Amino acid sequence: MSENLYDVAYNLEKALRESDEFKSLKRLYDEVNADESASKMFENFRNIQLNLQQKQMSGEEISEEEIQQAQKSVQLVQQHDKIAQLMAAEQRLSMVVTELNKIIMKPLEEMYGSL
């Protein structure tokens with residue numbers, strides 16, 4: 001890879017860090033972490049998510065009990081205003097990253113799409 005592409009990537013990283021979407025996410029993340037009960041609730045939610053993702057990726061079956069536990073956890077965090085705002089900010093930033101990925105991958109899509 002040419003050095004120029006690395007420079008572009010680092011500039012993109014810097015632009016992402018300076019974006020309103022990232023700044024909002026960072027502020028909300030800090031607010032959740034500053035609130036002990038919100039922080040514990042969010043950490044529990046993330047642990048449940050990660051556990052289910054790992055099981056899914058390894059092909060393990062997810063029990064009905066685990067599904068119910070995950071659903072309860074989602075309901076809890078959605079009812080907590082700070083966490084709900086954080087999750088919405090995560091979603092907005094995720095959409096930005098998805099769009100950036102589409103733009104970056106466009107040359108390959110054009111090349112392979114024309115075969």
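A: K82 is partly exposed, because its relative accessible area is 31% and this class lies between buried, under 20%, and exposed, over 50% (1.4 Å probe, protein chains only). The model is a predicted one, in which local features need pLDDT of at least 70 and side-chain atom pairs count only at pLDDT 80 or more, while totals for chains, interfaces and linings use all residues. Residues are numbered from 1 along each chain as its sequence is written, and side-chain values use heavy atoms, with hydrogens and water left out.

The side chain of K82 meets that of D35 in a salt bridge, at 3.7 Å from N to O; the term denotes a side-chain nitrogen of Lys or Arg within 4 Å of a carboxyl oxygen of Asp or Glu. Since K82 belongs to helix α5 and D35 to the loop between α2 (20–34) and α3 (36–57), the pair ties together parts that are 47 residues apart in sequence. Helices here are DSSP runs (H or I, at least four residues), as are strands (E, at least two), and they are numbered from the N terminus. In general, side chains of opposite charge can pair when their charged atoms come close.

Helix α5 spans residues 81–113 and holds another salt bridge, between K102 and E99, whose closest N and O atoms are 3.5 Å apart. These two residues both lie in α5, 3 residues apart, which is about one turn of the helix. K102 counts as partly exposed because its relative accessibility is 47%, and E99 falls in that class at 42%.

Helix α3 also contains a pair. E36 and K40 form a salt bridge with closest N and O atoms 3.2 Å apart; both lie in α3, 4 residues apart, about one turn of the helix. E36 and K40 are each exposed. A search of the whole structure finds 8 salt bridges.

L12, I104, M105, L108, M111 and Y112 form a nonpolar surface patch with about 560 Å² of accessible area together. Patches are made of residues with over 30% relative accessible area and no salt bridge, nonpolar side chains (Val, Leu, Ile, Met, Phe, Trp, Tyr) being joined within 5 Å and like charges within 9 Å. Accessible areas come from the Shrake-Rupley method with a 1.4 Å probe, and for residues only the protein chains shown count as cover. Helix α5 supplies the largest share of the patch, 5 residues. M111, which is found in α5, is partly exposed because its relative accessibility is 45%.

The chain as a whole has 5 helices and 0 strands. Its radius of gyration, taken over C-alpha atoms, is 19 Å, well over the 13 Å that the globule rule gives for 115 residues, so the chain is more spread out than a compact globule. That rule is 2.2 Å times the number of residues to the power 0.38. Buried residues make up 19% of the 115 residues.

As for confidence, pLDDT is the predictor's confidence in each residue, from 0 to 100. The chain averages 93, and 97% of the residues score at least 70.
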